[in-house]
Amino acid sequence: MHHNKGFATRCIHAGQRPDPTTGAIMTPVYQTSTYVQQSPGVIIEDYDYARSANPTRKALEENIASLEGGRHGLMFASGLAALAACVHLLQTGDHVVLCDDVYGGTFRTLDKVFKQFGITYTRVDMTDLDATEAAFTAKTKLCWIETPTNPLLKIIDIEAVARIAKAKGSIVGVDNTFASPVLQNPLKLGADIVLHSCTKYIGGHSDVIGGVLVANDDDIAQRLKFTQNAVGAVSAPWDCFLLLRSTKTLHVRVQRHCENATKIADFLAEQPQIEQVIYPGRADHPQHAIAKKQMIGGYGGMITATLKGGLPAARSFLERVKLFSLAESLGGVESLIEHPAIMTHASIDKPLREALGITDGLVRFSVGIEDVGDLIADIAEALD
Ligand SMILES: *Cc1c(COP(=O)(O)O)cnc(C)c1O
């Protein structure tokens, strides 16, 4: 239902219908652990136990799947639980290729959890297609792309990397958290699995932790669903309800995030205290052409900038902003700002961090949907 409708219509309606018992227009929070059977094994749809299936969760899964143009959606308790389900597709001896400035928690899962079970990985700068191709081995079973990357907002050509990975016989996963389904739909570009941390733009209100996987291939979806149930890191009904509420405004929110970020990036670029501004929508972004090709809905709400004067300058700026709250995370309606080297990316050793370009003067903005004039005034005052 609704698959042939426009994006905004799907945000509001996909996966949802009036509650059959009351006609309630909003999907209820089915806060139940089990379901009464009419006779042993005779159940309604697939509802036998709520780890396996829950109507609130199912509505959300169908909703987000539709937004990504996928047939199957699976909700998890967090983005990292969703990532772990993807890695559970592999076996001891298998190898993963992942982009170099991948989300810190993704790297930690592979490096600290799955490596001890004999699953190895190679990190590579996926803006370099030759290096990417060379990173594959005969054992590579999963290629993990994140674009825009965090915090350097590098843009990886999903179509090109997916083509390379497919030729090597690897499954392609794309962490689409920074773009949101409004801006980029990786399944259409050759990906097998799309991941979102729903904690970010999909939730959008900084009040819930969640993760989702979307896939088209029945076999992959079936294996992921098995893991969802067998490992059991499912999303709770109340969290699914909150996220269903969030997706109804996703398209409007993300559009405003993009508008505000575009104006702030341009403002920052003109300030003498700023050494460099990284925003995929600016013509001076090294992969702007790829962003233009694959980010069909806009360039997102994330900006990274380097302050002249390194850590002291960055620290004083971060202490002085008022409307931008100093906090980790992103994608909410309120503007946040953070210092990757000290905060989100502190777990990466300094030499590697510097090699990646995460320097001490670097700050990351998650631009919210406040009045952009107020946000710019806040930045201007803090820079002065
Ligand atoms: C936050 C985030 C994750 C992890 O999601 P959680 O919901 O915090 O577990 C994964 N990838 C990206 C890009 C993220 O920003």
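User: Where does proline 151 lie?

Analyst: Proline 151 is in the loop between E4 and H6; here helices (H or I, at least four residues) and strands (E, at least two) are DSSP runs numbered from the N terminus. This is a predicted model, in which local features need pLDDT of at least 70 and side-chain atom pairs count only at pLDDT 80 or more, while totals for chains, interfaces and linings use all residues. Residues are numbered from 1 along each chain as its sequence is written, and side-chain values use heavy atoms, leaving out hydrogens and water.

User: Is the peptide bond from asparagine 150 to proline 151 cis or trans?

Analyst: That bond is cis, with omega near 5°. The bond from threonine 147 to proline 148 is also cis, with omega near -5°. Proline 148 belongs to the loop between strand E4 (140–146) and helix H6 (158–167). Most peptide bonds are trans, and most residues other than glycine have a negative phi. Leucine 153, in the loop between E4 and H6, has a positive phi, near 55°.

User: What makes a space in this model a cavity, and how many have 30 Å³ or more?

Analyst: A cavity is a set of points, on a 1 Å grid over the protein atoms alone, where a 1.4 Å probe fits but cannot get out. The count is one cavity of 30 Å³ or more. The largest cavity holds about 40 Å³, a volume being the space filled by probe spheres set on points joined across faces, edges and corners. Its lining residues (an atom within 4 Å of a point) include Pro148, Leu153, Phe178 and Tyr299. By class, the lining has seven nonpolar, two polar and no charged residues; Ala, Val, Leu, Ile, Met, Phe, Trp, Tyr, Cys and Pro count as nonpolar, Asp, Glu, Lys and Arg as charged, and the others, Gly among them, as polar.

User: Why are H10 and H14 called roughly parallel?

Analyst: The axes of H10 (residues 250–269) and H14 (residues 372–383) cross at roughly 30° and come within 10 Å. Axes are lines fitted to C-alpha atoms, for helices over the stretch in contact, with angles from 0 to 180 degrees between N-to-C directions. Angles under 35 degrees count as roughly parallel, over 145 as roughly antiparallel, 65 to 115 as roughly perpendicular and the rest as oblique. H10 and H14 are therefore roughly parallel to each other. In their contact (heavy atoms within 4.5 Å), Asn260, Lys263, Ile264, Phe267 and Leu268 of H10 meet Val372, Leu375, Ile376, Ile379 and Ala380 of H14. These residues divide into eight nonpolar, one polar and one charged.

User: How do you know whether H3 and H4 are parallel or oblique to each other?

Analyst: H3 (residues 79–87) and H4 (residues 104–114) pack at about 50°, with axes 10 Å apart. H3 and H4 are therefore oblique to each other.

Definitions and conventions: 1 Å grid on protein atoms, 1.4 Å probe; cavity = no way out; pocket = protein on both sides within 12 Å on 5 of 7 lines; lining within 4 Å.
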